[in-house]
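Here are a few exercises to work through with the coordinates open beside you. Try each task before you read its solution.

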Amino acid sequence: MTIDRTMIEPLLEIKNLSVSLKKRDNISVAVDDLSLNLYPGEILGLVGESGAGKSMTGSAILGLIESPLYISAGTISLQGRSIIEAPENIRGSQISMIFQDPLVSLNPLKTIGEQLIKTIKTHFNISKAEALDRSKKLLSDVGIDPERIEAYPHTFSGGMRQRVVIALALAPEPSVIIADEPTTALDVSVQAQILNLLKQLCTERGTSIILITHDMGVISETTDRVAVLYSGRLVEIGKTSDVLQRPQHPYTAGLVASTPNIDPSSFDKKLFQIPGAMPDIDDVPDGCAFHPRCEHARDKCQKHRPPLFDARVSCWLSEKPGGTL
Amino acid sequence: MTFIILNRLFQAVLVLLFVALISFLIFRFVGNPVENLMGQEATLAQRAALEEALGLNDPIHIQYFDFLWKAVRFDFGNSYRGALPVAELIASRLPATLELALTSALFAVIFGVFMGIYTAINRGSVITNFILSSSLIGVSLPTFLIGILLIWLFSVELNWLPSFGRGEVVDLGWWKTGFLSESGLKSLVLPAITLGLYQMTLIMRLTRSEMLEVLRQDYIRLARALGLTNKAVYFFHALPNILIPVITIGGLQLGSVIAFAIITETVFQWPGVGLLFINAVYFVDIPVMSAYLLLVGFAFVLINLIVDLSYFFIDPRLRDSELKDEA
C-alpha cells in the first residue's frame with residue numbers, strides 16, 4: 001500500500017500510554033509513554049523481545065489488564081472518542097483480540113456453534129436461527145466445513161481451532177482485531193495459511209489489524225507498518241519495508257540481523273546476536289534503555305532519554321539530519 | 001455408552017460384594033448369635049438345633065452366598081431386640097434420614113456453589129472476606145457443638161424452632177414425609193443446617209478455588225475480549241467447567257451426609273436410621289448393624305455411579321475418549 005497514512009484520520013490513537021506494576025514497595029513501568037496510531041484498513045506490527053510490552057499494550061487497549069498492573073497514564077481513543085474509561089463497551093463490537101494458543105482459547109465443554117452463537121447474540125439483536133446461519137457463514141469463510149458446527153473444540157487440530165478463533169473474533173464485526181502471536185503455537189506450514197487467511201478476511205471487511213509478534217519474518221510478510229518496542233518503549237516505527245531494509249535504531253538493526261535466513265548463501269555465516277539481554281522492568285537503565293547493549297552508545301545515551309525523531313526513531317544518533325549508525 | 005454404563009455397574013457390584021462380605025463377617029466376630037438368642041439356660045442340644053437351623057454349620061462360603069441371596073431380597077433377618085424384621089425397621093426409619101440428608105445436601109450445594117461463585121468474582125470485597133472468615137468457623141466447629149448451639153439459640157432463647165423430633169408427618173402410604181406439614185418443615189431446619197454446614201463450607205471453598213482457576217484460562221480472556229457480558233463469562237463459560245470437581249465432591253459429601261447423620265440424629269433425636277444404628281450398637285443388635293452397613297455402602301456406590309456417569313454428560317472429551325476405547 002502506498003497511501004500516505006499520516007494524511008488520514010487515525011482509527012485508533014494511543015497517546016503517552018503507560019502501564020505500571022504496583023509492588024509492595026515500588027512501582028515499575030511495563031509500558032512506558034507509548035504513542036501509536038492505527039489507520040483504517042492497515043496491518044500494524046508490534047515487534048520486540050518477550051517482555052517488551054507488546055501483549056500488554058494489546059490488553060491495555062481492551063482494558064483487559066488486571067491488578068497489580070494498571071494504566072498509569074495516557075489516553076486511548078477510537079475514532080476520536082476515548083475508550084479508556086469504559087473499554088467493555090468496545091470489546092468485540094469495535095475491537096476484538098485473539099490469543100497465542102488456540103488449544104486453550106476455546107471452551108472445551110461447548111460446541112464451536114454454541115460459542116459462535118453466544119458471541120453473535122451478544123452483539124446483535126437477532127434470532128437464534130439467524131445467528132446459526134451467520135455462524136455457518138463465518139465457518140465457511142475461515143475454511144471450516146459448516147457441517148461441523150456441532151463439533152467440540154477437541155475434535156479440531158491447532159490450526160483449525162485458530163480458524164475458529166478467527167471466526168469468533170470476526171463475528172461481532174469489529175473495526176480492529178488485535179492478534180497476539182496468533183501463529184506462534186502452530187506448525188510452520190500452518191502459520192502462513194492462518195496469516196494469509198487473517199489478512200484476506202480483514203482486507204475484505206476493511207478491518208485493521210494490530211499484529212503482535214516476535215517474528216521478523218511474519219512482520220515482513222504481513223504488515224504495512226511496524227512498531228518496534230524495547231523495554232516497554234517505542235524505539236522505531238515506520239513503513240515495514242523502510243524499517244526492515246533501512247533500520248535506523250541499532251536495536252532494530254540487531255533484530256533484523258539476527259533473523260535466520262534460509263538463503264543458501266548465508267548458510268556458512270554465523271547468526272548475529274545482540275549482546276546482553278533486555279533489562280528487567282524493575283531495573284531499566286537511565287537514558288536510552290538500550291544503551292548498555294548498544295555499540296554506538298555515547299555519554300548522552302546514558303543520561304538522557306531520546307525523543308522520537310522524525311516520527312520514526314527514538315535514538316540520539318538520529319538527532320541531526322545525516323546522523324548515521 | 002452402554003459399555004461405559006455396564007463397566008461402571010460391574011465395578012459397583014464388585015464394591016458392594018466386598019461391603020457385603022464385611023457386613024457378613026460382623027456376625028462372626030461380634031459375639032455368637034446363638035448366645036444372644038438363647039441365653040444361658042439353653043441345653044447343648046437346643047443350641048445345636050438352632051445352629052443347624054440358622055445354617056451356622058454350613059461352610060463359610062455357603063453362608064456368605066446365603067447372606068447375599070437374602071440381602072438382595074431385603075431379608076436381613078430379625079432384630080435381636082423386639083424381633084421385628086430388620087428390613088421393616090429400616091424402611092420405617094429411612095424416609096426420615098433421606099429427607100434430612102437431601103435437605104441438608106441441597107442446602108449445602110445451593111448455598112455453597114452460590115457463595116463460592118460470589119466470593120470468586122468479588123475477590124477482596126468486604127462481604128467476601130466476611131464469608132471466607134466465617135466459613136472457617138463452620139469448618140472448625142464439630143457437628144454436635146453446632147447442633148447444640150443452634151438449639152440453644154433458636155429453640156431455647158428465641159423459641160422459634162423445635163429442638164427435637166420430626167414434627168408431624170404425613171403418611172403417603174409407602175413414605176412418611178415431614179415436608180407436607182408446618183411442624184415437619186420447622187423441625188427440619190435446625191438438623192438440616194447442622195448436618196449441611198460443614199459440607200456447605202467445603203463446597204463453597206472448592207467452588208471458589210475452581211472458579212478462580214477457570215477464570216484464569218485463555219478461553220475466558222477470549223470471551224472477555226469478544227465483549228461477552230459478565231453473566232455469559234461466568235455462567236456460560238466458567239460454570240460448566242467447574243461442575244466436574246464440584247459434582248465429585250458434592251456426591252461424596254451426600255454419601256457422608258447419609259452415613260454421618262448419626263451424630264445430628266442423636267443431637268436432635270431425629271427418628272432416622274442413624275438413631276436406629278446408635279441404639280443397635282448399644283444393644284449389640286448385629287442384624288441391624290449389618291444391614292445399616294450394607295445400606296450406607298449401597299448409598300455410596302450408587303452416588304458414585306451417578307457421579308461417574310455424569311462426567312460423560314458434562315465433558316465431551318471424556319465421552320469421546322471412552323468411545324474410542326470401546327471401538
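**Exercise 1. The largest nonpolar core.** Find which residues touch the most other members of the largest nonpolar core.

*Solution.* Start with the term: a nonpolar core is a set of buried Ala, Val, Leu, Ile, Met, Phe, Trp, Tyr and Cys residues joined through C-beta atoms within 7 Å. A residue is buried if 20 or more other C-beta atoms lie within 10 Å of its own, exposed if 12 or fewer, and partly exposed in between, with C-beta atoms placed from the backbone. The largest core has 91 residues, and A167(A), I210(A), A227(A) and V228(A) touch the most other members. Next, look for the main contributor: helix 4 (residues 158–170) of chain A gives the most, 8 residues. Helices (H or I, at least four residues) and strands (E, at least two) are DSSP runs, numbered from the N terminus. Finally, there is a second, separate core of 60 residues, which includes V109(B), A238(B), A261(B) and L276(B).

A word on the model: it is predicted, so local features need pLDDT of at least 70 and side-chain atom pairs count only at pLDDT 80 or more, while totals for chains, interfaces and linings use all residues. Residues are numbered from 1 along each chain as its sequence is written, and chains are lettered from A and ligands numbered from 1 in the order in which they are written.

**Exercise 2. The open sheet.** Work out the order of the strands in the open sheet of chain A.

*Solution.* Two strands pair if DSSP finds at least two bridges between them. Strand 1 (12–22) of chain A pairs with strand 2 of chain A over 8 antiparallel bridges, and 8 bridges also join strand 1 of chain A to strand 4 of chain A, again antiparallel. I14(A) illustrates both pairings: it stands opposite L36(A) in strand 2, and its bridge partner in strand 4 is I76(A). Strand 4 (residues 69–78) of chain A then pairs with strand 5 of chain A over 2 bridges. The order is therefore 2-1-4-5. The edges are strand 2 (27–38) and strand 5 (81–82) of chain A, each pairing on one side only.

**Exercise 3. The side facing chain B.** Determine how many residues of chain A are in contact with chain B.

*Solution.* Contact requires C-beta atoms, placed from the backbone, within 7 Å. By that test, 25 residues of chain A are in contact with 20 residues of chain B. Helix 2 of chain A supplies the largest share of chain A's side, 4 residues. That side divides into 13 nonpolar, 9 polar and 3 charged residues, where Ala, Val, Leu, Ile, Met, Phe, Trp, Tyr, Cys and Pro count as nonpolar, Asp, Glu, Lys and Arg as charged, and the others, Gly among them, as polar.

Notes
Contact = placed C-beta atoms within 7 Å. Axes fitted to C-alpha atoms, helices over the stretch in contact; angles between N-to-C directions.
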